Amino acid sequence: MSGQRSNFPLPLSSITGGSVKPAARGPVATPQTATRNAASSAASSTAQGGPAKAPQAPGPAPRPPGYAPKASSAPAAQRSDLMATEAVRRAMVARVARQGVSDSKVLGAMEIVPRHLFIEPALSSQAYIDASLPIGHHQTISQPYIVARMIEVMCAGKALGRVLEIGTGCGYQAAVLSFVAKEVYSIERIKPLHELAKTNLRPLRISNLRLQYGDGMLGLPQVAPFDGIILAAAGLEVPQALLEQLAIGAHLVAPVGAQVQHLHRITRIGKSEWTSETLEACHFVPLRPGTI
């Protein structure tokens, strides 16, 4: 991991050129290669755990204000469904912990949120493997590791107030974020995915999450500044509008690049100053302007 002080927008050369080398963290995280990832993950599910002893899965995390479903009000079929996936969700969290994520609050959120509710029923048997899965419109739900890793890096051990997500997709990452921040705002530029996320999230009754249909590259200046910003799409540079909506001392986590991409953590240290750190390699869909 390396650090540098820069003015922004951040050029691609600042990540892939010169002597900057991303930290080695095992295989490249590829949250946008759904079919290949799903197939390889299913074929190598035993090997992924490795010879290391799995850490004890974290216990249930405290639910934030407004989170349901409550056992007394959720439909019986839904309660049964959640109970049936409890063990496999714990196994997913233990695997993510083996991959290097250690923030107990993030791991607890990953254990609580039912990932299978955010994907097509035909893919439900693959819901908790370490792979991205298609959600339509050439988009995917990111693999569990990359979701947890990006949130952990954004939090950096701090309690978060207001957080912005760019790229709601099916709503899964937004749901996880709702357990680690007091307020979550999430923007999606593809109208059918915005509607899908609303449908997926409605049964969970998460009151500290707001979904917005719009151009994520513009952010939400009307509710800025944010204590954290996370991007689920890669641009050649981080949009200046997002950098300016970051609170001083807060972190923005984004994939940056074209064919070669790396996760990047940007910290705002002053009114017109940011520092940047290059993390591991990854692969996301392109960050695009406008709405469709």
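I call a residue buried under 20% relative accessible area, exposed over 50%, and partly exposed in between, with a 1.4 Å probe and protein chains only. The model is predicted, so I need pLDDT of at least 70 for local features and 80 or more for side-chain atom pairs, while totals for chains, interfaces and linings use all residues. Residues are numbered from 1 along each chain as its sequence is written, and side-chain values use heavy atoms, with hydrogens and water left out.

**Whole chain**

I looked up burial first. Of the 292 residues in the protein chain, 54% are buried. The chain exposes about 12,800 Å², and carbon and sulfur atoms supply 56% of that. These areas come from the Shrake-Rupley method with a 1.4 Å probe; for residues, only the protein chains shown count as cover.

I then listed the secondary structure: 10 helices and 10 strands. They are DSSP runs numbered from the N terminus, helices being H or I with at least four residues and strands E with at least two. For contacts I took heavy atoms within 4.5 Å. Among contacts with a separation of 6 or more, 64% join residues 24 or more positions apart.

**Largest pocket**

I searched a 1 Å grid over the protein atoms alone; a pocket is an open set of points where a 1.4 Å probe fits, with protein on both sides within 12 Å along at least five of seven lines, and lining residues have an atom within 4 Å of a point. Points are joined across faces, edges and corners, and the volume is the space filled by probe spheres set on them.

The largest pocket holds about 460 Å³. It is lined by 33 residues, and Gln139, Gly167, Glu188, Ala232 and Val285 are the closest to its centre. Which element gives the most to the lining? E3 does, with 3 residues. E3 (139–141), H7 (144–155), E4 (160–166), H8 (172–177) and E5 (181–188) each supply at least two.

I sorted the lining by class: 17 nonpolar, 12 polar and 4 charged. Nonpolar covers Ala, Val, Leu, Ile, Met, Phe, Trp, Tyr, Cys and Pro; charged covers Asp, Glu, Lys and Arg; the others, Gly among them, are polar.

Helix H6 (residues 104–112) has 7 of its 9 residues buried, so it is largely enclosed by the rest of the structure. The buried ones are Val106, Leu107, Gly108, Ala109, Met110, Glu111 and Ile112. Their cover includes H5 (86–98), H7 and H8.

In helix H9 (residues 191–201), I found Leu193, His194, Ala197, Asn200 and Leu201 buried. Seen down the axis, they fall within an arc of 125°, so they line one face of H9. I took the arc from the directions from the helix axis to the C-beta atoms. These residues pack against E2 (133–136), E3, H8, E5 and E6 (209–213).

Most residues other than glycine have a negative phi, and most peptide bonds are trans. I checked for exceptions.

Ala156 has a positive phi of about 55°. It sits in the loop between H7 and E4, and is partly exposed at 37% relative accessible area. Arg205 also shows a positive phi of about 55°. Arg205 lies in the loop between H9 and E6, partly exposed at 48%.

Is the bond from Ala224 to Pro225 cis or trans? It is cis, with omega near 5°. Pro225 is in the loop between E6 and E7 (226–231).
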